[in-house]
Amino acid sequence: MLRLLLDSSQNALYVALSRDATIIDRIVDTTPHRQSELLVAKIDELLKRNKIEAHNIEGVVVTKGPGSYTGVRLALTVAKVMSIVLNIPLYLVSTLRSYADKEKTTITLMNARAGRSYFAVYQGKKALIEDCILNNDEVFLFIKEHPDYLLSGDLKYLNLNPSFSLPLIENLALADAEDLCPNSLKAAPVYLKGTASIYGN
């Protein structure tokens, strides 16, 4: 199945094509604050250089958040429109899950600002701790208590190093029937609100 993969949930813009869960081409643009200007143009560029017409795409996969308010909405809106206009399946994937290792238990993190992190723990596609927002102190404590868990995601803001290097877009290519959105028109971004605690405080 030929699918278009999209992510603009953070600073970088990812546009890729996959066939049968394998990436065949991609564009990554790290120009800050220009995703809204570049997304449609980059999709067009990717399709043209692979000699693919839009009607040949058989599905579109997009991150649904958490992430930048505008960024999450941008890629999701474009994905919804393509799904509806082309009458193709829409697949929604958590941005945090897209950072997880395929098999090993992984702590996935993104900067939520103000001393907080978007946080989740995944074992493959299964969420052991669902996407939430934690204070960074709790994040460091959890990492210390679970030294065998992998670390992945946007980690520079915590001065941490990832346990492995897997581009987010590679995991989007693995989206399957469990990620299928039953009604593209009702697809909605995920915006986490409020700081949680995983220690019952």
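Disulfides to start with: the count comes to zero. This is a predicted model, so that count is computed from predicted coordinates. A disulfide is a covalent bond between the sulfur atoms of two cysteines. Two cysteines can be mentioned here. Cys 132 counts as buried, at 13% relative accessibility. Cys 181 is buried as well, with a relative accessible area of 12%.

Next, salt bridges. The structure holds ten of them. As background, side chains of opposite charge can pair when their charged atoms come close.

Which residues does the pair between Asp 179 and Arg 97 tie together in terms of chain segments? The two side chains meet in a salt bridge at 2.7 Å, N to O. Asp 179 sits in the segment after helix H4, residues 168–172, while Arg 97 is in the loop between strand S5, residues 90–93, and S6, so the pair ties together parts that are 82 residues apart in sequence. Asp 179 is buried, with a relative accessible area of 7%. Arg 97 is buried too, at 12%. Both values fall under the 20% cut-off for buried.

The second pair is within a helix. Lys 42 and Glu 45 form a salt bridge, 3.5 Å from N to O. Both residues belong to helix H1, three residues apart, which is about one turn of the helix.

Glu 37 is exposed, with a relative accessible area of 51%; the cut-off for exposed is over 50%. Arg 34 is partly exposed, at 33%.

Strand S1, residues 2–7, pairs with S2 in the antiparallel sense over six bridges. The two form a hairpin with five residues between them. Within that pairing, Asp 7 stands opposite Tyr 14 in S2.

S2 also pairs with S3, again in the antiparallel sense, over seven bridges. Here Ala 16 has Arg 26 in S3 as its bridge partner. The hairpin of S2 and S3 has two residues between the strands, and in it Asp 20 takes a positive phi near 55°.

How many residues of strand S2 are buried? S2 covers residues 13–19 and is mostly covered, with six of its seven residues buried. In a regular strand the side chains alternate between the two faces of the sheet.

Last, the largest pocket. Its volume is about 990 Å³. The lining consists of 39 residues, and those nearest the centre are Gln 10, Asn 11, Ala 12, Tyr 99 and Asp 154. Which elements give two or more residues to that lining? They are strand S3 (22–29), helix H1 (35–49), helix H2 (69–86), strand S6 (105–113) and strand S9 (150–153). By class, the lining has 17 nonpolar, 16 polar and six charged residues.

Technical notes:
Residues are numbered from 1 along each chain as its sequence is written. This is a predicted model: local features need pLDDT of at least 70, side-chain atom pairs count only at pLDDT 80 or more; totals for chains, interfaces and linings use all residues. Side-chain values use heavy atoms; hydrogens and water are left out. On a 1 Å grid over the protein atoms alone, a cavity is a set of points where a 1.4 Å probe fits but cannot get out, and a pocket is an open set with protein on both sides within 12 Å along at least five of seven lines; lining residues have an atom within 4 Å of a point. Grid points are joined across faces, edges and corners, and a volume is the space filled by probe spheres set on the points. Helices (H or I, at least four residues) and strands (E, at least two) are DSSP runs, numbered from the N terminus. Ala, Val, Leu, Ile, Met, Phe, Trp, Tyr, Cys and Pro count as nonpolar, Asp, Glu, Lys and Arg as charged, and the others, Gly among them, as polar. A salt bridge is a side-chain nitrogen of Lys or Arg within 4 Å of a carboxyl oxygen of Asp or Glu. Buried means under 20% relative accessible area, exposed over 50%, partly exposed in between (1.4 Å probe, protein chains only). A disulfide is a pair of cysteine sulfur atoms within 2.5 Å. Two strands pair if DSSP finds at least two bridges between them.
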